[in-house]
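Hi there,

Here is the structure I promised to pass on. My notes on the chain contacts and the domains follow below it.

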Amino acid sequence: MTVASDFSDDVEPFRLSMLIYDKRYRSYTLQIITIALFMLAVGWLVSNVVQNFRDLGKEFSFAFLWEPASYDINQRLIEYTSRSPHWKAAVVGILNTLVLAFLGCIAATILGVAIGVMRLSKNWLVSRLMTIYIEGFRNVPVLLWILLASTAFSAMLPAPRQAPVLLGGGFVPTNRGFYVPAPIWESGSGVLAIIFLLSLVGAWFFGRWARAKQAATGEILPVFWIRLAIIILPVLFFYFILGRPIGLSLPELKGFNFQGGGFVRNSFMALWIALSLYTAAFIAENVRSGIQAISKGQTEAAYSLGLPPNRTMNLVILPQALRIIIPPLISQYLNLTKNSSLAIAVGYMDITGTLGGITLNQTGREMESLLLVMGFYLIVSLLISGVMNVYNNSVAIKER
Amino acid sequence: MSDTQSKNSLLYVSTKDLPELPAPVNTTGPVAWMRQNLFASVRDTVLTVLFAILVIAILYKLIPWMLTDAVFFADSIRNCREIDTGACFAVVTSRFNQLIFGFYPPELYWRPILAFLLMFVAFAPLLHDNLPRKLLWFTGVFPLLAYFLLWGGAIWGPLLILAMVTAAVFVFSLVSKPLNSTLGLLAAIAFCLMYYIFLHDSISGALASAMPIGLEFVESAKFGGFLITFVIGVTGIVASLPLGIVLALGRKSDNMPVVKMLCVGFIEFIRGVPLITLLFVASTLLNYFLPPGTTFDLILRVIIMVTLFAAAYMAEVVRGGLAALPRGQYEAADALGLNYWQATRLIILPQALKISIPGIVNTFIGLFKDTVLVSIVGILDPVGIMQPIRSTSEWNGIIWELPIFIGLVFFIFCFTMSRYSMYFERKLDTGHRS
Amino acid sequence: MKTKLLTLALGAAAIATVSTSASAATLDDVKAKGFLQCGVSTGVPGFAFTDDAGDWQGFDPALCRAMAAAIFGDAKAVKFTPTTGKTRFTALASGEVDVLARNTTETFSRDVDLKFTFAPVNYYDGQGFMVRKSLGVTSAKNLSGATICIQTGTTTELNLADYFRANNMTYEPVPIETNAEAQEKYLANACDVYTTDASGLAATRAAFEKPGDHMLLPEIISKEPLAPLTRHGDDQWADILKWTLNVLINAEELGVTAANADDMLANSKLPSIRRLLGAEGDFGTKLGLGNDWSLNAIKAGGNYGEIYDKYIGPKTAIGLERGLNQLWSKGGILYAAPVR
């Protein structure tokens with residue numbers, strides 16, 4: 001029937017039955033049915049919510065976010081007291097989530113790449129051990145690792161009063177967390193920071209210059225060491241010139257706990273370590289398959305051009321392997337960020353613990369709180385996958 | 001090429017074959033193997049020594065603790081400490097039933113065990129293609145059977161649902177022959193809904209009171225331990241596969257932007273939020289979305305959320321399979337004059353699903369592991385049951401033994417599944433992918 | 001219902017198919033179900049715990065049993081849902097449980113803002129602190145800088161913040177989800193102090209291997225009137241809960257026990273006892289129950305004093321003195337409205 005209309009010039013008059021039989025119109029019919037069903041379902045759900053809220057005398061409002069939270073949070077990166085409003089508690093939680101996710105991604109990447117490369121090592125023992133590591137971590141739930149790490153810390157490490165003071169007072173492991181020295185910023189440290197930034201810029205310019213020089217003359221400079229010197233030396237020099245503007249505060253036992261210095265809580269450490277180790281196992285597999293996907297001919301071709309092995313790795317193998325590694329790597333970052341919500345199992349106050357936990361409990365605003373929490377994760381996920389798409393497009397092999 | 005007559009005149013050319021010598025000692029045998037694989041270079045040697053020391057140190061501590069000095073049978077942790085110095089696995093043996101079945105009535109343990117064994121029979125025809133195809137019927141019936149075995153109650157409910165599905169298939173063929181399959185599908189779904197809303201309760205109720213045949217009813221609150229892990233994991237994955245396929249097909253339907261948009265929105269939303277927030281929705285919000293007065297238990301709400309969660313991931317896996325299929329397959333199906341459903345059912349899906357099998361198994365492994373999150377919303381799965389056991393006065397102070405046992409069980413299942421999927425992948429590889 | 005679960009589980013039918021008509025009367029729903037769904041805590045020794053058979057026992061479940069007996073004449077017609085601090089209010093609000101008998105503090109916002117109706121207080125409590133004796137702390141005022149384990153989602157969390165703020169002290173909160181977890185953390189010395197309701201602390205301490213190593217600090221920093229509760233908007237249902245509790249307290253006052261209730265009903269001449277047990281008047285019928293409701297409630301687990309003594313009283317391992325929870329006539333503040 002449609003075939004006939006394709007060959008004849010005269011337009012077939014529209015009939016109602018074509019909504020079902022004609023491919024061109026059928027998709028409209030189906031879409032209209034879908035929209036109708038979807039609207040019905042949404043309407044049904046919303047009307048139920050409205051009805052239930054009315055029955056319970058509840059209202060849907062975000063006004064509670066401006067009321068005092070009335071609870072304390074142990075780890076806060078911004079000024080927060082129990083008198084601060086709920087939205088500020090949520091922000092504290094968001095920052096805690098982001099810090100955990102950020103540090104977790106860094107640690108997982110370093111570990112994962114190292115393990116992935118070692119997994120391909122010709123050394124039998126090393127590659128076997130790495131296989132055991134990868135399979136062991138991948139096949140056990142991450143929540144179990146988190147709980148194990150957390151109980152390990154609280155059960156194995158000593159209480160503060162019995163805790164050993166290591167590294168000349170610089171490091172105290174206790175069953176509540178790790179006390180470390182904290183920097184004290186005195187006057188002049190701002191100048192130092194500016195110098196540090198300037199050296200970074202200098203190092204970048206040097207890299208460009210060195211590359212241009214290599215392209216022009218073929219001379220290869222020891223770029224890495226010179227860069228390192230550019231970054232470190234001026235800062236060290238001015239550190240002493242300015243009279244050591246950055247001091248260290250060391251933890252001291254006072255009363256129940258150590259005071260002063262920095263304090264990394266066990267809940268954070270347990271999460272950080274467990275999430276990094278778990279995610280590293282997945283990243284290692286991605287790295288391995290990425291490197292294995294590059295054909296041996298690439299290496300041989302590079303050698304035949306006279307490139308030394310390290311340059312072959314840096315200039316030929318890695319750029320190609322990265323194209324394969326990075327997309328799954330980013331989705332592992334995404335998984336780590338989402339898994340960080342398991343913080344609630346060990347009492348780390350991330351967004352799920354503050355807004356989705358205590359605020360939800362104390363105010364009884366389940367709908368509003370959970371919507372906000374989910375919204376936050378959704379935005380983070382979309383941002384990360386947006387970055388991934390941009391990257392994918394930029395490295396995609398340009399096909400003709 | 002060379003002049004052959006000078007062959008004999010060359011005295012330094014040997015006239016007889018020398019006997020074969022064995023290969024040099026340093027290229028075969030264990031020593032050579034170690035040289036090549038453990039001590040090939042200075043760096044390798046250092047690494048080998050370092051790792052060997054590490055492994056030996058760990059094993060030296062671990063083996064006595066976990067095996068030789070461990071206690072496997074005792075009443076309490078104090079009793080354990082009196083018997084030996086190692087791990088107290090007595091907590092696992094003495095609470096074994098709780099870890100596996102939760103509070104399921106002990107005299108009815110045969111039901112979950114039977115359901116578990118039948119599960120393998122049901123999966124067998126999917127995993128082994130040399131079994132009789134008739135077994136697939138059992139696979140189809142298994143969900144109802146498993147439900148009946150686990151929860152019990154009157155047999156009429158599951159039977160009536162079976163009858164409903166049969167009738168729905170009949171309705172489908174009745175409608176789709178004269179009209180088309182899409183309408184047939186809609187009619188079948190409508191039929192099921194109508195039957196379920198208006199007739200099911202009264203008919204099954206009447207039958208149950210007339211002929212009370214069935215098993216003793218066990219409420220969901222009694223479920224716990226690995227039983228819960230399997231119920232949630234298996235139901236989630238089985239239910240999410242069809243949903244995932246529909247979502248994937250919807251996401252690929254470029255000529256229906258509305259359908260595509262809805263599918264993409266659903267998939268991206270679910271994949272963008274952590275499972276734990278969805279479980280919070282299940283435990284705190286889901287009832288608000290249902291008509292006032294409707295309640296059903298937490299385990300069921302969790303299964304629904306887990307299914308939706310897995311469906312989004314499944315959709316992406318299936319989408320990968322669909323995308324990997326060469327365009328020619330679609331065109332060939334069109335050329336044969338197959339309509340959309342025929343092409344999808346006969347040409348596209350069988351191949352796409354085959355390509356997706358590793359992904360599907362990976363999703364399943366992920367979901368299986370993720371089921372432990374339900375402990376956070378208060379369901380007594382193995383991880384959730386750990387806390388109450390630890391807080392009893394007998395076992396107060398147990399740290400490692402329970403997570404080690406639970407982790408080991410998870411490892412065995414997940415590792416086996418991943419190996420099986422690799423084997424299956426190789427077996428199904430018909431060699432013309434690319 | 002069972003088959004509903006099935007189809008839903010199979011995904012064969014949409015959630016949409018669950019069609020239950022709304023009804024305002026909880027009593028009718030409960031009667032139709034055939035059992036009472038009661039929310040309890042996940043486990044506080046003495047107050048709510050599971051026995052070896054997995055059945056819920058304790059001070060809180062006993063009230064639910066009495067209520068089930070009042071409604072059905074059968075103390076076993078009750079099912080328990082363990083709830084955490086996080087899930088308890090949503091469980092009640094969403095109708096997952098019919099009544100919440102779980103050491104829950106009555107507060108203004110829970111009553112007015114969260115829309116719940118509290119029955120009379122069944123346990124007068126206050127927030128206390130438990131520490132190791134070896135710390136040498138004698139007063140909560142010395143706790144500045146301490147690490148404190150605290151159950152989230154409770155009023156104790158808010159009281160603690162207020163108390164330390166008012167006394168210009170700092171502390172490090174360690175948020176904990178359940179009592180069992182808190183106990184584990186506290187025993188591992190991962191926190192110096194465990195704070196919750198004083199009764200809960202005493203009960204927890206009683207379960208320790210060496211209770212003598214730990215002490216409760218003298219300060220009680222808050223009022224914690226613990227009361228069972230129901231949803232707003234169903235006065236009949238709230239009345240049933242309220243008067244079941246009142247009957248149990250009045251029974252103790254009048255000397256009616258589980259053992260002598262039948263005898264009292266037949267032989268007692270005292271009008272107050274006759275009214276209490278339903279020999280005079282039709283109080284049960286007015287509640288929508290049978291006239292033997294109060295008799296059944298008392299026979300389910302005994303009067304208030306009997307329940308108290310059985311689960312948390314001085315003779316149990318928990319060993320809580322009656323204190324404020326003694327009858328008004330014996331120096332306490334338990335003062336139930338009369339059945340009249």
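How many residues of chain B are in contact with chain A? There are 46 of them, and they meet 46 residues of chain A; two residues count as in contact if their C-beta atoms, placed from the backbone, lie within 7 Å.

Before the rest, a word on conventions. This is a predicted model, where local features need pLDDT of at least 70 and side-chain atom pairs count only at pLDDT 80 or more, while totals for chains, interfaces and linings use all residues. Residues are numbered from 1 along each chain as its sequence is written, and chains are lettered from A and ligands numbered from 1 in the order in which they are written.

Back to the side of chain B that touches chain A: α17(B) gives the most to it, with 7 residues. (Helices, H or I with at least four residues, and strands, E with at least two, are DSSP runs numbered from the N terminus.) By class, this side has 35 nonpolar, 9 polar and 2 charged residues. Asp, Glu, Lys and Arg count as charged, Ala, Val, Leu, Ile, Met, Phe, Trp, Tyr, Cys and Pro as nonpolar, and the others, Gly among them, as polar.

Chain C also touches chain A, with 30 residues from chain C and 29 residues from chain A. Here β10(C) gives the most to the chain C side, with 5 residues, and that side divides into 13 nonpolar, 9 polar and 8 charged.

Finally, chain C is assigned domain 1 (27-124 + 228-330) and domain 2 (127-222), with bounds from an automatic or database domain assignment. Their C-alpha centres lie 29 Å apart.

Best wishes
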